[in-house]
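The sequence and the coordinates are shown below.

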Amino acid sequence: MSDRMEDSAILRAQGLAVGYDGAPLVSGIDLAVAAHGVVTLVGPNGAGKSTLLKTVAGLLAPVGGAVWLSGRPLEQLDPHERALELSVMLTDRLRTELLTCADVVEMGRYPHTGRMGVPTSTDLAKVREAMQTTRVWDLRDKDFMQLSDGQRQRVMLARAICQEPRLLVLDEPTSYLDVHYQIELLAVLRELVETRGVGVLMSLHELPLVWKVSDWVVCMKDGVITAQGTPQEMCAPEVIDELFDLEPGTFDPLTGMIDLRK
Amino acid sequence: MGDRTLTDDLGRRARRTRTAAVLAGLAFLVLATAVANLCHGSVVVPVRELGAILFGGLRTGTNAQVIWSIRLPRLIAAGLLGGALALAGLLLQTFFGNPIAGPYILGISSGAKLAVATTMIVVVGRAAMTASWMLVSAAFVGSVAAMACVLVASRRTSSASGLIVVGVMIGYICSALTDFLVTFASDTHIVNLRSWSMGSFSGTSWTDVQVMAALVLPASACVFALSKPLAAYQMGEGYAQTVGVNARRFRLALIVLSSLLAGCVTAFAGPISFVGIAVPHVAKRLLKTSRPLVVVPACFLGGALFCLVCDLIARSVFAPNEVSVSAVTALFGAPVVIAMLVGRQRRRYER
């Protein structure tokens, strides 16, 4: 393989296998995330979505295959270079001690600050902008541990945004949010994608939202990618019934409506 | 809307004032306690005479002798080693994400104690004096070995209490082995060992002070230089890696520095408990933040202050008898840990 591929995609995976301790959980992953693109992973619990996201983020070593970030093989990037390319929001619960929300968000400026990590006024402006984007600016002086789960999630998203990456990697970014903030978060993502040209790779459980926000949908199940395509192609009931082992007619993927008559 | 408003918006100015006040207050208290430590004791030296002895070139007389060859080295030792302990505690707490991790609780001090006791018995048997660098090296090796055990165990237990239990058990094992060794050692060694293994700053020589300053000061500077990755590590290793911390290199630096600091203390003063847990906790509450950039200097000053006060108490409460300094630090430090755990529990229920 050549070191640098001429490639418009921010992220490209070819024959990638991901898993723990060298044992593949999901293999044969081929996917690409372009600038201005939102790629969403859907599939049942345990399908390996988080494992794939962690591998892409550099937290797990790939078990096989290859990943390129902006045309460079992922394993050739050092942590600092990787941090300039992508930022991450995980599902791990964060426990902080005496840190305000602004402190937590400011951590996203890490790759941009100097030796001692003292933020410049530019850094502070970026912190503020990111916090205003995710509607948490009013919480800036509050202790992070005193927030509700939904507020924390928005703070963590602000943190990921103010890192100013080319690619956002988000693991179930809407899991603790109510409908209002789910919609708002996805609107924020679309805005970032369209105005700043970032790419987004995320996992999402709420199917009706998936069709709205995504440019490309990847279905994962039983250690493989079962199907991928545009939301229009993937929202077909046959695809979703197959993916989640549903009785035909019990679930409408477009509206999320459930039918329990049987 | 200028930089001014922005800075104020993030509460930075109020914070800066608070930080300055806390650091200045701690520095003042360290100085005041230092004077008290120098003046107070079996021979009381008046403050005016102290000035003359320290800065006026008054080098003769009993008082000058007491200050220069006994109290001053002991004072510097208590300050440096107290600061070292507090920093070692802060590093371990950040690394394990556990507020009651510390060199004593995790068995690292006991590992160092075992290695030092072995060296004392084996080497002292042959040579008349044990060189301080030899004890420090032994303590470092013992610390690293105990730390390695804790690390291996921490990989297998994910719970915070599991880590502490493992550490306490390692501490017991090392203490038991030390006790076996003491049983087989000859009488003169035991006298040496016993006073040291209880924890004490007494009998510090200027050579000791030189060695500890040469180790503790650069190591503390390194800890301060690591403020930025330490801050990122507060969010957990995963997030730290994704913002650009080289986890492997940082982990290595942390293990070496905390073992060096904790080992150095054990080599010179024996195992001293609770400084490493209580001081960082109180320092963070005083500063109302856990940002390492300000917490690191506050911890060093706080650790120095805590040990100076405890040493003063240890040698004056039952004068002319000396209590072990570890007993005093435990007496003041352990309640802080209890208060911390109780406070944490209450907050959890309130939510």
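Which residue in β2(A) is the bridge partner of Gly19(A)? The model is predicted, and in it Pro24(A) of β2(A) takes that place. The two strands concerned run antiparallel and are joined by eight bridges. Together β1(A) and β2(A) make a hairpin in which two residues separate the strands. One residue of the turn, Asp21(A), has a positive phi of about 50°.

In chain B, helix α13 consists of 13 residues. From first to last C-alpha the helix reaches 18 Å, close to the 18 Å expected at 1.5 Å a residue. Most of α13(B) is covered, with 10 of its 13 residues buried. Among them are Val275(B), Ile277(B), Pro280(B), His281(B), Lys284(B) and Leu287(B). Lys288(B), which follows α13(B), has a positive phi, near 60°.

The secondary-structure elements named in this report have these boundaries:

| Element | Chain | Residues |
|---|---|---|
| Strand β1 | chain A | residues 9–20 |
| Strand β2 | chain A | residues 23–34 |
| Helix α7 | chain B | residues 160–184 |
| Helix α13 | chain B | residues 275–287 |

Chain B also carries a nonpolar surface patch of about 480 Å², made by Ile173(B), Leu177(B), Phe180(B) and Phe184(B). Phe180(B) belongs to helix α7(B). Is Phe180(B) buried or exposed? Its relative accessible area is 53%, and Phe180(B) therefore counts as exposed, the cut-off being over 50%.

Definitions and conventions:
Residues numbered from 1 in each chain as written. Chains lettered and ligands numbered in written order. Predicted model: local features only at pLDDT ≥ 70, side-chain atom pairs only at ≥ 80, totals over all residues. Heavy atoms only, no water. Pairing = 2+ DSSP bridges. Helix = DSSP H or I, 4+ residues; strand = E, 2+ residues; numbered from the N terminus. Expected span 1.5 Å × (residues − 1). Buried < 20%, exposed > 50% of the residue type's maximum accessible area, 1.4 Å probe, protein only. Patch = residues over 30% accessible without salt bridge, like charges linked within 9 Å, V, L, I, M, F, W, Y side chains within 5 Å. Areas by Shrake-Rupley, 256 points an atom, 1.4 Å probe, with all protein chains shown as cover. Salt bridge = Lys/Arg side-chain N within 4 Å of Asp/Glu carboxyl O.
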